[in-house]
Amino acid sequence: MNDKIIIKRSDFIFAKRLLWKMRNGNTKFDEREFMARGRDYLFNYAEKNAGPLDPGRRAFLKGLLIGIGVLAVASAVPLVSSLNPALVSLKKFPWMIIVDSDGKPIEASKFPVNDPTIMLFQYPLLGDITFLINMGDENNKPVEIKPTTVVIPENGHTYTFPGGVGPYKSIVAYSAICQHLGCTPPEIHFYPPQYFKPGGVVPNFLPSVAYNAAVSANAKSVIHCDCHGSTYDPWHGAAVLTGPTVRPLPYVELYWDSNTDYLYAVSMNLHAPPIMDHPSDLVGAAYLDSYDETTGCPKLIVQKNQTPTNCYTKVQSDGNTFGGSS
Ligand code: FES
């Protein structure tokens, strides 16, 4: 009999995130509270720490509880882990062409400036969602984002952010997972310079502490997380403007091919803080959906004169981490 539990890949990513939070000292799951309040506590906990629960996600968690037994929450961590225990890792960062939702390559010169809807892509592993933003001034003219030194408030260390790419050197990519406790869009989002120009209208959904910090730092735009108020400066390497986060958003290094106008995600800076809850940017929950078992690389990988080989390897060999039922 096949006793494997079948879960969707997206639910698996969610479960992994939840587990990270449950184990994390700052967000530790309170088992006694769970025993007292049951499912409501778990739902609230999951919503607060791992992201919004739509009906499908609630049903998934409910199913998980039925599967493990409500009184056996202590076993939830090993049980969920056993659904698919293997983390996967990259030997090196792959080159990946960035495409829109139709699979069409993004053309840098046509990419909207200051677009509040923002393009998201996943890199380097599944669930590693990343903002792609074309920075501009308050008139939506692209603005060069210069290289800068970014300070990590947590430890005082620094690293270099290489600046923007594209015809105006205005396009940047930052992790869309808040470095405080991991909230994701729409909780974390981008505010363009129209709000911050002299006489600009203060958005009533941006707390004054964040707005004032942006204005006094002369920040032209911000990325702000509604969950607990962390604010980042996307013109300066997504440096921290307001806590509680003590880590800047990691950036994805981009390459612009001026012949084709296409954009590529090519690397991340291992001196920058890793993506929230990752031991390293090279390690994560699962491969990208575009993983190609023949080459071991994303199918969308394109690099001139290069045959991609062995992009990925597994940390553990047990479990079918790619192409399996999860
Ligand atoms: S998750 Fe707490 S501020 Fe973003």
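This is a predicted model: local features need pLDDT of at least 70, side-chain atom pairs count only at pLDDT 80 or more; totals for chains, interfaces and linings use all residues.
Residues are numbered from 1 along each chain as its sequence is written.

Helix α3 has twelve residues and reaches 15 Å from its first C-alpha to its last, which is close to the 16 Å expected at 1.5 Å a residue, where the expected span is 1.5 Å times one less than the number of residues. Within α3, Leu42, Tyr45, Ala46, Asn49 and Ala50 are buried. They cover an arc of only 100° around the axis, and therefore lie on the same side of α3; the arc is that of the directions from the helix axis to the C-beta atoms. By buried I mean that 20 or more other C-beta atoms lie within 10 Å of a residue's own, while exposed means 12 or fewer and partly exposed is in between, with C-beta atoms placed from the backbone. Just after α3 comes Gly51, with a positive phi of about 115°.

Turning to the sheet, three strands form an open, antiparallel arrangement in the order β2-β13-β12, and two strands count as paired if DSSP finds at least two bridges between them. Because β2 (96-97) and β12 (252-257) stand at the edges with a single partner strand each, one side of each has no neighbour in the sheet. Between β12 and β13, which is residues 262-268, there are six bridges, and Asp257 stands opposite Tyr262 in β13.

In the loop between β12 and β13 we find Asp261, which has a positive phi of about 75° although it is not a glycine. Asp261 counts as partly exposed, because 16 other C-beta atoms lie within 10 Å.

One runs from Tyr123 to Pro124, with omega near 0°, and Pro124 lies in the loop between β3 (119-122) and β4 (129-134). Another joins Pro185 and Pro186, with omega about 10°, and Pro186 lies in the loop between β7 (171-175) and β8 (188-191).

Methods
Helices (H or I, at least four residues) and strands (E, at least two) are DSSP runs, numbered from the N terminus.
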